[in-house]
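Here are some notes for your next look at this model. Please read them with the structure open.

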Amino acid sequence: MAEIMKQRNMQEQLRSEMMDAQEKMKHDKMQQLAEKYYYHDMIKQNESKQALKEMNYKNFYQHTAEAQKHAEDMHVNQVLSPQMKRKNDIDQFIDKGVKDENERKLRDEVSRLKNRYEQYQDMNRTLKV
């Protein structure tokens with residue numbers, strides 16, 4: 001009978017160890033799943049942070065480009081446009097002066113030719129008399 005009790009105690013101890021091992025396996029598996037979900041969540045958070053960071057950089061560079069374009073437009077409007085208008089006014093003034101000078105030279109030439117023609121006519125009249 002002592003042997004039967006000894007055998008039963010061994011069986012109970014074996015069952016208890018098996019149950020403990022199964023419990024430990026379940027606990028380890030649950031721990032692994034929890035870690036897996038935790039790391040998966042961390043990866044998702046990092047991906048969303050990276051996407052947000054890239055969007056912020058894109059917005060920053062887009063805003064910077066728009067500000068640069070606005071600054072260039074302001075420079076054109078405030079500096080270059082008045083200078084171009086002044087240059088156009090000077091060019092028009094010079095063109096008018098050149099045109100007036102050419103017209104004056106042409107009038108002088110016509111006057112000189114008329115005077116010469118009149119002198120020629122006067123000389124012809126004096127010779128005919």
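**Notes on a predicted model**

1. Aromatic pairs. This is a predicted model. How many aromatic pairs does the count come to? The count comes to three. In one, the ring centres of Y38 and Y39 are 5.6 Å apart and the planes stand at 65°, so the pair is edge-to-face. The cut-off for that label is over 60 degrees. F60 and Y61 form another edge-to-face pair, with 5.3 Å between centres and 70° between planes.

2. Aromatic cluster and exposure. Y57, F60 and Y61 form one aromatic cluster. Is Y61 buried or exposed? Y61 is exposed, at 53% relative accessible area. Y38 is partly exposed, at 49%.

3. The helix. Helix α1 covers residues 2–128. Its 127 residues, at 1.5 Å each, should span 189 Å. The end C-alpha atoms of α1 are 180 Å apart, which agrees.

4. The bend. Where does α1 bend by about 40°? The bend is at L80. A proline, P82, follows within four residues.

5. The salt-bridge count is 10. Side chains of opposite charge can pair when their charged atoms come close. An α-helix has 3.6 residues a turn, so residues three or four places apart point the same way. E12 is partly exposed at 45% relative accessibility, and R15 is partly exposed at 46%.

6. Salt bridge, K24 and D28. The closest N and O atoms of K24 and D28 are 3.4 Å apart. The two residues are four apart in α1, so about one helical turn separates them. K24 is exposed, with a relative accessible area of 53%. D28 counts as partly exposed, at 34%.

7. Being four residues apart in α1, they are separated by about one helical turn. D108 is partly exposed at 41% relative accessible area, and R104 counts as partly exposed at 35%. Salt bridges with shared partners join E101, R104 and D108 into one network.

8. Nonpolar patch. Which residues form a nonpolar patch on the surface? They are I90, F93, I94 and V98. Together they have about 400 Å² of accessible area. I94 lies in α1. I94 is partly exposed, with a relative accessible area of 46%.

Note on methods
Residues numbered from 1 in each chain as written. Predicted model: local features only at pLDDT ≥ 70, side-chain atom pairs only at ≥ 80, totals over all residues. Heavy atoms only, no water. Patch = residues over 30% accessible without salt bridge, like charges linked within 9 Å, V, L, I, M, F, W, Y side chains within 5 Å. Areas by Shrake-Rupley, 256 points an atom, 1.4 Å probe, with all protein chains shown as cover. Salt bridge = Lys/Arg side-chain N within 4 Å of Asp/Glu carboxyl O. Buried < 20%, exposed > 50% of the residue type's maximum accessible area, 1.4 Å probe, protein only. Phe/Tyr/Trp six-rings, centres within 6.5 Å; stacked < 30°, edge-to-face > 60°. Expected span 1.5 Å × (residues − 1). Bend = angle between axes of the 7 residues up to and from the residue.
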